Amino acid sequence: MSLAEKIIKFFASIKLAAFTILAIGVVSAVGTITEAKYNDADMANKLVYHSPWMYAVLGLLIIQLVAVMIDRWPWKQHHAGFVLAHIGIIILLIGSWVTQRYGIDGSIAFGIGEARNMVLVKDRDLIVFASLDGTEMRAIYDAPADFVRQPPTAEKPLIVPLGGDELRIVDHHQFAFRDAQINASEDPNDAPAIRFQLENPNVNMTEWLRLDRSRKRSELDLGPAKVVLSPEVLPPSGQNEVVLVVKPGQSTLDYLIYNKDKSLRKKGQVAQAETIDTGWMGLKFRLLRYLPHAEEKVSYQPMSYFTPVTTSAAKFVFNGREHWVALNQPLKLYMKDRAYVVIYGNRQLPLGFALNLKEFRMDKYQGTNRAATYESDVTTPDGQAVTISMNEPLKYAGFTFYQSSFEQDDSGRPTVSVLSVNKDPGRWIKYLGSFLIVLGSVVLFWFKRVKWLKKGSAV
Amino acid sequence: MKLLGVLLLALFSSVSLADIGRPLENLAIQDAGRVKPLGTFAQESLQLIYGKKTFEGKSATEVVFTWLLIPDHWIKQPVVEIRHHGLKEALNITSPGKYFSPEELFGNPRLGLILQELQNQRTRQEKLNPYYQAVARLENQLALFRAIFTGVALRLVPDPATDTWKAVPDLDGPMREAFQRISKGFVDSISNSPVGSKPKPSAELQAAVDDFIAQARSLAPEKYGDNTKLKMELHLNHFHPFKWAWVCYLIAFLCMVAAMGWGSRAADRGGWIFLLVGFALHTYGMALRSYISGRPPVSNMYETVIWVPWGVLLFAMILERVQKNKMLTSCAAVVAIFCLILTDLAPTVLDKSLHPLEPVLRSTFWLSTHVLIITISYAAFFLAFALGDLVLFYYLKDEQKYARQIQSATQSIYRSIQIGVVLLAFGIILGGIWADYSWGRFWGWDPKETWALIALLGYLALLHCKLVGLVRGFGMAAGSIVAFALVIMAWYGVNMVLGAGLHTYGFGAGGVEYVTAFVVAHLLYVTYVSAVRYPRSKIQSK
């Protein structure tokens, strides 16, 4: 027996095949446990399903499949099922590799009337824009940032050279809670904030509300009532609401209480520690604190697993100062004569055209707030109007757009439609592989069955 | 034959036993996203609040309706079930037992704080651990109780103007009067019944209900729903087809054992008749659920626990015709009895209420095909598992004496596993096609699909080992039991162990401890029989 034959015999061994099959099972099982541990499919993908371990076992499997088919050469009629099923598995794995390598799996989110020409994918990049002459912003650094597989630490930071300056990333939380604390501030440019309590026998809520500098009003909808903070007197919005008006230089706030039918219920002035009886089901509004100038201090609390309100955050060091920055939140760094914008965010890939969202509709199950179906009306660049609904995707320019989810405002009105966007050049390879596997296993067992029946009748 | 007659008699007598709540069950109510009979709503509500379908012999409908009529009485009754000890401690309840009155709970000074903590968990969108699940249940129990006794949950009249039906307190004009006639008829029926006997519904009550339904329907006929479906749902609630099915299977099993023991042909024939009657009832029950919900009967755990034993019986009957192996149907009958009894024993894990589906699950064709095929492959594996248990028992008793039984059962195990493997591979691929069609992703390493694949790999490894003689008769039987643990993980564990998340200390919720015990017991059984057999086989080979 030649060496080549020996090698083929070794890999064609069915005992080894049973081992490989079980190994794939074990690695997959570890993957599902990893996903449950982090409550996040992406972590399982990174740590297990696309890890060297998985690639090694799958590689071994392909070698064995090829070896066993060579070993059985020349094939006879009763080999038909075995050959078809094994070739099917190889083709399926090739198809998966093509999808993995050349496919796109992302999403776009847009409001009604908006257009998008980029797809957001799960991979993350670190991009630094610089304005060295004080005018134009230019990207000077753009690289993939996989902080799960290569976590930056204080000992082994990721260093981004920026000409004369240096940006270091020294820490990273994959999952973290954003924790914002509001403190009194001396800076007269800082916006005012209030802390209040809404209370009746059934409800007891205490919240902060801070006026955003760029916006005219801040509001918080707490179910039984909406609380609005504004620098000016606002008209009613058609909800039970308490409007608080800030006046510069005064220690009290003006308040207006509106009913659902937009009628004014009550108005007056309220100072810190005072209580207003709203009259709705015994609901009392208590102003716990009033800060004419307040600053928001943001910190990130690491979590060991994902929840829908966690975000990833990275710690940057620039010029001796530390900055915690959340995913997709730009960090602005100013020097005397130059400025940088740093973005740690999801990669955006160009679609090559713009998709327009004309309308979004949602049907609910009767008498509930649960969505039963939802759909988006979009227009493509060639003026085609298409409705994308659950299970009825749009195929356009090599991409497929699926209705995936939506976002609602406080009153339950849908505001944003989320489509998942997909390009899968491996699709038909995988379908061919699947078809061969099914055909092969049917043939395999059917032939066995015929043989077995004959044997049975002979006895 | 006589037995069958007795059975049918018992069946009909249970149907004709009318209680006072019976006429009220026919009222249609809008609840949880669909229109259902009040009878169903009452059963589901009592199940949630009290944990049982009846309260001290009173029917759910009677209980729920009297919550509305005499709330002052009911608020003092121990109708709220709290099973979680930690929650009892947190509420500072020292009294023993698990039933408490709503009044006691509403007045509990710690309740507000505990509910606030639950709210904090929710704002962080964390998965709830068993304690918070218990708190969430208590919140639902109290909210539902309040909503019933104030009447706001009883949305009995369609509103032509909006999607939401009108609840009892919002009724006006003729509908209000019609409802008052029902209440009067109900109270009169009770007061006119002899003391100490079960009250019977009066003709006036029945007439008042019929009149209310006719009026409500005339307001918005298209919203009131399909009358036949409502009637069928009530019929399903009262008829208990699955209970009768397992009773038939049990008789069939006993007949078959008798037939094998004494070689009686009559007993064998009787066994088959009862098996077929049970199978017909089983099929009828699934068909009813399917007709009422308008979807194939595999959309939750409860339905699959009914569907899989149906498949087990189907495969067993077919294989028995082909292979002439008498053990198949009796093993399948045991599996079916076990599963169907389980659905009655564990109502909280195996929730039988018909909930509306998530939007993405509403494409019924691909969804139903792939789920039906995957779960039916579990049936083939389940059959192999049951046969494996039996074969190991034979090995334990006397390998030589039962050689013939062992050989034919092993053949059936092999055949079942082959059927299962082909179906599971096909089902997984169809699932990929469905995912691709609905999400644009052929394979996404979703835990449910991954575990189905792991189960498939387990059986594939077993078949490959068989191919080269690494595994023979004994190994096949042992393997069919061990590999079934993977099926249990894919079928149940993904939802209850992984789905609950490792953070929620999943153990202790949803019967995980029982299922784990079941799996571990079988693994120990396999180990024990192997250990006993190993020295014996050594001696033989010498």
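This is a predicted model: local features need pLDDT of at least 70, side-chain atom pairs count only at pLDDT 80 or more; totals for chains, interfaces and linings use all residues.
The charged end of B:Lys243 sits over the ring of B:Trp244, 6.0 Å from its centre. A charge counts as over a ring if NZ of Lys or CZ of Arg is within 6 Å of the ring centre and within 35 degrees of the ring normal.

Residues are numbered from 1 along each chain as its sequence is written, chains are lettered from A and ligands numbered from 1 in the order in which they are written, and side-chain values use heavy atoms, with hydrogens and water left out.

Buried means under 20% relative accessible area, exposed over 50%, and partly exposed in between (1.4 Å probe, protein chains only). H13(B) has 22 residues and reaches 31 Å from its first C-alpha to its last, close to the 32 Å expected at 1.5 Å a residue. The expected span is 1.5 Å times one less than the number of residues. Helices (H or I, at least four residues) and strands (E, at least two) are DSSP runs, numbered from the N terminus.

Now look at what flanks this helix. B:His240 is in the loop between helix H12 (227-239) and helix H13 (241-262) of chain B. Its phi is near 50 degrees, a positive value in a residue other than glycine. B:His240 is partly exposed, at 31% relative accessibility. After H13(B) comes B:Gly263, whose phi is also positive, near 65 degrees.

B:Leu205, B:Ala208, B:Val209, B:Phe212, B:Ile213 and B:Ala216 are buried. Why do the buried residues line one face of H10(B)? Seen down the helix axis, they fall within an arc of 135 degrees, so they line one face. The arc is that of the directions from the helix axis to the C-beta atoms. In general, an α-helix has 3.6 residues a turn, so residues three or four places apart point the same way. On the other side of H10(B), B:Ala203, B:Glu204 and B:Ser218 are exposed. The buried residues pack against S7, helix H9 (173-192) and H11 of chain B. Contact here means heavy atoms within 4.5 Å.

Aromatic rings come next. The structure holds 44 aromatic pairs over all chains. Rings of Phe, Tyr and Trp (its six-membered ring) pair if their centres lie within 6.5 Å; planes under 30 degrees apart count as stacked, over 60 as edge-to-face and the rest as tilted. B:Trp165 and B:Tyr224 form a stacked pair, 5.7 Å centre to centre with 15 degrees between the planes. B:Trp165 lies in the loop between strand S7 (155-157) and strand S8 (166-167) of chain B, and B:Tyr224 in helix H11 (residues 221-224), so the pair ties together parts that are 59 residues apart in sequence. B:Trp165 is buried at 4% relative accessibility. B:Tyr224 is buried at 1%. Elsewhere in chain B, ring pairs link B:Tyr50, B:Phe55, B:Trp67, B:Trp74, B:Tyr99, B:Phe145 and B:Phe149 into a cluster.

Where do the chains meet at B:Asp436? B:Asp436 is in contact with A:Tyr402, A:Arg427 and A:Tyr431, and also with B:Arg441 and B:Phe442, leaving aside neighbours within four places in sequence. A polar contact of 2.7 Å joins the side chains of B:Asp436 and A:Arg427. Such a contact is a pair of N or O atoms within 3.5 Å; within protein, one must be able to donate a hydrogen and the other to accept it, and residues adjacent in sequence count only if both atoms are side-chain atoms. B:Asp436 lies in helix H18 (residues 403-439) of chain B. Its relative accessible area is 4%, which counts as buried.

Finish in chain A. A:His293 and A:Tyr431 are 138 residues apart in sequence and 63 Å apart in space, C-alpha to C-alpha. A:His293 lies in the loop between strand S14 (284-291) and strand S15 (294-302) of chain A. It is partly exposed, at 29%. Its side chain reaches the backbone oxygen of A:Pro188 at 3.5 Å. A cis peptide bond joins A:Trp73 and A:Pro74, with omega about -5 degrees.
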